[in-house]
Amino acid sequence: MKFFHLPASCSSAVHAALKITGIPFEIEAVDLASKSKAFQAANPLGKVPALLDDEGSLFEGGAIHLWLAAKFLIQWALAEFRTGNDAGQP
């Protein structure tokens, strides 16, 4: 998973959420004056944040947060199921 990030921007909240979930990701710093082809493919609007993985791309912070929450919850539930711990917290 590749995360396109511009430090000190609205993408910082998504960066924090990615770290909290523990989902592995690669970070690419975005230079808005010289946008990479990968970044343009991830977000045709050319804005941060953007996330690119095997399933496609997501952009807009709210959409990424919702997707991360769903993905993290599924991973947590599977881990709890495998360990038999039904009293754990995500």
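1. Helices (H or I, at least four residues) and strands (E, at least two) are taken here as DSSP runs, numbered from the N terminus. On that basis the protein has three helices and four strands, and along the sequence they follow the pattern β-α-β-α-β-β-α.

2. This is a predicted model, in which local features need pLDDT of at least 70 and side-chain atom pairs count only at pLDDT 80 or more, while totals for chains, interfaces and linings use all residues. Residues are numbered from 1 along each chain as its sequence is written, and side-chain values use heavy atoms, with hydrogens and water left out.

3. Of the 90 residues in the protein, 28% are buried, where buried means under 20% relative accessible area, exposed over 50%, and partly exposed in between (1.4 Å probe, protein chains only). The accessible surface comes to about 5,700 Å², and 61% of that surface belongs to carbon and sulfur atoms; accessible areas come from the Shrake-Rupley method with a 1.4 Å probe, and for residues only the protein chains shown count as cover.

4. A nonpolar core is a set of buried Ala, Val, Leu, Ile, Met, Phe, Trp, Tyr and Cys residues joined through side-chain atoms within 4.5 Å. The largest one has eight residues, namely Phe-3, Val-14, Ala-17, Leu-18, Ile-23, Leu-51, Ile-64 and Leu-68. Helix H1 (11-21) and helix H3 (61-83) each supply at least two residues of this core, and the largest share, three residues, comes from H1. Apart from this core lies another, of six residues, among them Phe-4, Val-30, Phe-39 and Val-48.

5. Leu-18, a member of the largest core, touches Met-1, Phe-3, Ile-23, Phe-25, Leu-51 and Leu-68, not counting residues up to four places away in sequence; contact means heavy atoms within 4.5 Å. Among contacts in the protein between residues at least 6 apart in sequence, 45% join residues at least 24 apart.

6. A search of the whole structure finds two aromatic pairs, the criterion being that rings of Phe, Tyr and Trp (its six-membered ring) have centres within 6.5 Å, with planes under 30 degrees apart counted as stacked, over 60 as edge-to-face and the rest as tilted. The rings of Phe-3 and Phe-25 have centres 6.3 Å apart and planes at 85°, so this pair is edge-to-face. Phe-3 lies in strand S1 (residues 2-5) and Phe-25 in the loop between H1 and strand S2 (26-29), so the pair ties together parts that are 22 residues apart in sequence. Phe-3 is buried, with a relative accessible area of 0%, whereas Phe-25 is partly exposed, at 27%.

7. In the other pair, the rings of Phe-4 and Phe-39 have centres 5.5 Å apart and planes at 50°, so the pair is tilted. Phe-4 lies in strand S1 and Phe-39 in helix H2 (residues 37-42), so parts that are 35 residues apart in sequence are tied together. Both Phe-4 and Phe-39 are buried.

8. Helix H1 has as its buried residues Ser-11, Val-14, His-15, Ala-17, Leu-18 and Thr-21. These residues cover an arc of only 165° around the axis, which puts them on the same side of H1; the arc is that of the directions from the helix axis to the C-beta atoms. The face turned away from this buried side carries the exposed residues Lys-19 and Ile-20. H1 is followed by Gly-22, whose phi is positive, near 80°.

9. Strand S3 (residues 50-53) and strand S4 (residues 56-59) pair in the antiparallel sense over four bridges, where pairing requires that DSSP finds at least two bridges between two strands. Leu-52 stands opposite Ser-57 in S4, and a hairpin joins S3 to S4 through two residues.
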